[in-house]
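Me: I have a chain open here and would like to go through it piece by piece. Can you help me read it?

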Amino acid sequence: MMFWRGVVVKLWFTFLIVIFVVLAIISFLLLEFFDGYHLKQAENRLLNQATKIAELLEINQQQLDTDQIVETVKDDSSRITIIFDDGTSWSSTSVDENLPMITLEWITGNDSFHSVLTNEEDVGGQVTLQPNVQVLMVGTSVNNGEFSVFAYQSSEVVAKTTKQTSNIILLAAGIAIILMTIFAFFLSSRITEPLIKMREGALELAKGEFKTRVPILTHDEIGELAMAFNRMGRQLSYHIDALSQEKEQLYSILRSMADGVMTFNREAEIILSNPPAQKFLNDWRYESDVDSEDFLPDDILYMLKNVIHLETEQMQEVTVQGRNWVMVMTPLYDETKVRGVVAVIRDMTDERKMDQLREEFIANVSHELRTPISMMQGYSEAIVDNIAATIEEKNELASIIRDESLRMGRLVNELLDLARIKAGHVQLNKEQVELKAFVDRIIRKFQGPANDQDIQLELELRTGLQMIYIDQDRLEQVLTNLIDNAIRHTQLKGNVKLLVEKEKEKVRFSVIDTGSGISEEDLPFVFERFYKADKSRMKTEKRKGTGLGLSIAKNIVEAHDGSISVQSKQGEGTTFTFVIPEK
């Protein structure tokens, strides 16, 4: 079926129709021409025979010589009839047995040939002698009608001659059609072969094979078309590569963005999205208990409709899976018409948490400072107003004021340390430190307070490591905070242990106690500023903390490129662990 729809067949069929029509017209005209020509030639030949016979008879008046004269002039297929003025007639013989003789009565009854008898003119033409018998007849008169000579022959003789000529013409036309058909097919093939190559090349281009080239077989318009095709392929390859690079660059930018980006069409279908946007939608679908990937929350659909109809930017804040998201939708224009919407989704959880922490920080600092300030103010007023009568009472009040001032100073110093560490303004003075001597010194420092509370404090070294690269003072601050907390939160007869282990190219420090432990609700927040665990842990404390020690410890460990964690079971004990690089 594809063959009959091909360009080769169409061109060949067109050429064939044109050639056939032209040759048919030429053949028809030639047949008409030769038909009339043969008829005229036969008529002239018969007329020449009749005229010559008449001339010979006029010269030779002896009727006995008529047979000889006629047989000398006429051909075998014709017949001669002579009509004399006395009404008698003479007819020759003919090889054509179907050719009848004519009589005076027939000639007299024929209007065309009757004029020959009156010597008016020579007459010729086709007539019907008998039914189904047509002849070509001519007649001429001699000596003012003394006798008239009629020569005739069967029309089939002329028809045979015409048929032979027609056969020759038709044969020539058939040969011409065959030759022209072959030529037309060859010509159309030569024209269409480059076109077929270009069609195959176009199909390869459609598949993405932009390096496809078609051969240039000629230097005519088709060759120029092939050159243009190859140039188009090169340009397409260049532009597709450029578009691919831009598309990949756009996708890379979208993938690397922290904000979610989505593009919608007017039918609320997602055209483009990046991973943060997909995570946002997946969380929302999970929260809505919907598994369909085509599901869009009502809030998004409502914003889409408003943006498309109002052609203005819309913004809304939503909470999904405990996180705060701000959605900003802006219309996308196609000339003057809104063709879609681009949505930017930003996770504002950290910002909101920071705002909350900032407020809590201010509240905590105010709360921590309010108590010592109130106490200092009250006791100082008592001294000024001489409420304390004795020196011992005044010394006691002054001691309380001093302790509270030290507490305030300690709080302010810890706040400053924490701020400097977070801002990166504190430079660590790292140096090679002997590990065993370092931890021994810390254990000895806390041996006295531990003995006072009847707590067994021990050190366990599970490594043969000699030296460690650290900021000695800062890391001592971390261990001091952890061991001090462990002793303060461990009951009498309890145990506190410092465990040091080697872990690949890192060193693990663990402070393990058998104290009251930390509740599961408090564990995620123990490293937050001013966060204090369950107040039941504080009942037996002689000195209250500020809630900043663990936050400072975490920042110091992270400054050493390490990490800190906690594990605890309420009523069983707590383990603080931090890991830092060996070198």
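Me: How many residues sit between β8 and β9 in their hairpin, and which residue in the turn has a positive phi?
Reply: This is a predicted model, so keep that in mind throughout. Two residues lie between β8 and β9, and Gln321 in the turn has a positive phi of about 55°.

Me: How many bridges hold β8 and β9 as a pair?
Reply: Seven bridges, in the antiparallel sense, between β8 (residues 314–320) and β9 (residues 323–334). Gln316, for example, has Met327 in β9 as its bridge partner.

Me: And what does β9 form with β10?
Reply: Another hairpin, with two residues between the strands, and in that turn Glu335 has a positive phi of about 60°. β9 and β10 (residues 337–347) pair in the antiparallel sense over 10 bridges.

Me: What is the strand order of the open sheet with β8, β9 and β10 in it?
Reply: The order is β7-β6-β10-β9-β8, five strands with antiparallel pairing. β7 (270–273) and β8 are the edge strands; each has a single partner, so one side of each has no neighbour in the sheet. From one strand to the next, the twist averages 25°.

Me: What holds strands of a sheet to one another in general?
Reply: Backbone hydrogen bonds, and the pairing can be parallel or antiparallel.

Me: Back to β7. How many bridges does β6 make with it?
Reply: Three, again antiparallel, with β6 covering residues 260–265. Within that pair, Phe264 stands opposite Ile270 in β7.

Me: Which helix lies across β6, β7, β8, β9 and β10?
Reply: Helix α7 (residues 275–287), which runs at about 60° to β8.

Me: Now the open sheet with β1 to β5. What order are those strands in?
Reply: β2-β1-β5-β4-β3, five strands with antiparallel pairing. The edges are β2 (89–91) and β3 (123–130), and each has a single partner strand, so one side of each lacks a neighbour in the sheet. Neighbouring strands there are turned by 25° against each other on average, direction ignored.

Me: How many bridges between β3 and β4?
Reply: Seven, and the pairing is antiparallel; β4 covers residues 133–142. Gln130 stands opposite Val133 in β4.

Me: Change of topic. Is helix α13 mostly covered or mostly open?
Reply: Mostly covered. Of the 11 residues in α13 (residues 549–559), eight are buried. Among them are Leu550, Ile552, Ala553, Ile556 and Val557.

Me: What kind of surface patch do Phe13 and Ile17 belong to?
Reply: A nonpolar one, made of Phe13, Ile17, Phe20, Val21, Ile25, Phe28 and Leu29, with about 700 Å² of accessible area together. Ile17 lies in helix α1 (residues 7–59).

Me: Why does Ile17 count as partly exposed?
Reply: Its relative accessibility is 40%.

Me: Last one, the chain as a whole. How many helices and strands are there?
Reply: 13 helices and 17 strands. The chain has 583 residues, and buried ones make up 38%. Its accessible surface comes to about 35,200 Å², with 54% belonging to carbon and sulfur atoms. Among contacts with a separation of 6 or more, residues 24 or more positions apart account for 58%.

Methods: Residues numbered from 1 in each chain as written. Predicted model: local features only at pLDDT ≥ 70, side-chain atom pairs only at ≥ 80, totals over all residues. Heavy atoms only, no water. Pairing = 2+ DSSP bridges. Helix = DSSP H or I, 4+ residues; strand = E, 2+ residues; numbered from the N terminus. Axes fitted to C-alpha atoms, helices over the stretch in contact; angles between N-to-C directions. Buried < 20%, exposed > 50% of the residue type's maximum accessible area, 1.4 Å probe, protein only. Patch = residues over 30% accessible without salt bridge, like charges linked within 9 Å, V, L, I, M, F, W, Y side chains within 5 Å. Areas by Shrake-Rupley, 256 points an atom, 1.4 Å probe, with all protein chains shown as cover. Salt bridge = Lys/Arg side-chain N within 4 Å of Asp/Glu carboxyl O. Contact = heavy atoms within 4.5 Å.
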